[in-house]
Amino acid sequence: MDFLLGAEDDDGRGGRRSRGSGKRGNGRRRRRRRNRGGLLAPLLAFLILAGIIGGGGYYGYRWANDALVPDDYTGKGTEEVVFEVKDGQIASDVAQELERQGVVASARAFTNAIGNAGKSDALQPGTYKVRKKMPAADVVKLLLDPKQQVLMKVRLAEGLRLSDIYTKLAEQTGLDRKKFEAAAKNVDNLDLPAYAKGKLEGYAFPATYDFPPKATAGDVLARMVQRFHQAAEKADLVGGAKSLGHTPHEIVTIASIIQAEAGRHEDMPKIARVIYNRLNRQPPMTLSMDSTVMYAWKRYRTTATHAELEIKSPYNTYKNLGLPPGPITNPGDHAIEAALNPAKGSWLFFVATDPKSKVTEFATTDAEFQALEAKLRRNGG
């Protein structure tokens, strides 16, 4: 039994070792096979991950590139369009509208271009001519150039009556004359000076103006009144009127008569002196200005007939002492300056003795005046 147990043990260890060795050998082979398979899976995963990262990097690059270098046009553009920069718009607002209208390829291209120029805050409201499909940098140059604005140019001569100004404005702006007449009644919007007494006549300053295409009648008249304020401040109208013993409204009225009566700027200070001499004369003397009588009649001549001199009107300065109730024209800078700075002299009369050259001569006595009248008749006046 011991022998059998011993033999079994020997044989068993040998057999177990032999079988055990065989089992361990097969296990190593199987582990080797499993290890080869285990290496392939991480490698494949790595390759897939690298592909994903590489692809993502490519598309990420494309996205970043598109963000940093936005779409933009090249060339000179196509058809011309009118573009408006509205009051209160900032560069990004303008950029969006430019893209919407097809002027620039992308809003970002415009904001980048105006930012690079350091002009993001320099856009001014106005209407501009641009073209579709333009490079953003070229659009920036156009919108920053005041000369590129589309404007209505209005020219108004000195000495026009308000009724004539309405006609001229309607012709030059295309707006209905009635709109100007209605706007003139809206005194609050015009910002008339208090001494104008709510009347626009005399305060619609004659000049050359540029208005945006969408300007209203009220905008146009308000701009003209604003220009009057500038002229009045420059001439010190309020202070000058006080020193002369008159109100600013009276000075504007005197300037309007000077403007109507004078043929040349150089004669204006002397005409102003005649007006002041007549106003201050004792015993009282009427102004006797034909221009005020023609205003009452709504007519245009330099000399009134005897019949016309009989009109009952506060503007008939042959019948009424002192100044008329308000301006009869819209005077310019020269007439206002003359009214505030009359020449020194004792003249009481003046006559435009040569209608062709518009030369005006002055007289102190009635006899001198009659001689000037005769000279006028000889010259065909």
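Student: How many salt bridges does the structure hold?

Tutor: There are 12 salt bridges in this one, which is a predicted model.

Student: What makes E97 and R100 a salt bridge?

Tutor: The cut-off is 4 Å between a side-chain nitrogen and a carboxyl oxygen. For E97 and R100 the closest N and O atoms are 2.6 Å apart, so the pair qualifies. Both residues sit in helix α2, 3 residues apart, about one turn of the helix.

Student: Why is R100 called exposed, but E97 partly exposed?

Tutor: Exposed means over 50% relative accessible area, and R100 has 62%, so R100 makes it. E97 has 22%, which falls between 20% and 50%, so E97 is partly exposed.

Student: Why are α10 and α12 called roughly perpendicular?

Tutor: Their axes cross at roughly 95°. The label covers 65 to 115 degrees, so α10 and α12 get it. The two axes come within 9 Å.

Student: Which residues meet where α10 and α12 touch?

Tutor: I257, A260 and E261 in α10 meet D290, S291 and T292 in α12. By class, that contact has 2 nonpolar, 2 polar and 2 charged residues.

How values were computed. Residues numbered from 1 in each chain as written. Predicted model: local features only at pLDDT ≥ 70, side-chain atom pairs only at ≥ 80, totals over all residues. Heavy atoms only, no water. Axes fitted to C-alpha atoms, helices over the stretch in contact; angles between N-to-C directions. Helix = DSSP H or I, 4+ residues; strand = E, 2+ residues; numbered from the N terminus. Parallel < 35°, antiparallel > 145°, perpendicular 65-115°, else oblique. Contact = heavy atoms within 4.5 Å. Nonpolar A, V, L, I, M, F, W, Y, C, P; charged D, E, K, R; others polar. Buried < 20%, exposed > 50% of the residue type's maximum accessible area, 1.4 Å probe, protein only.
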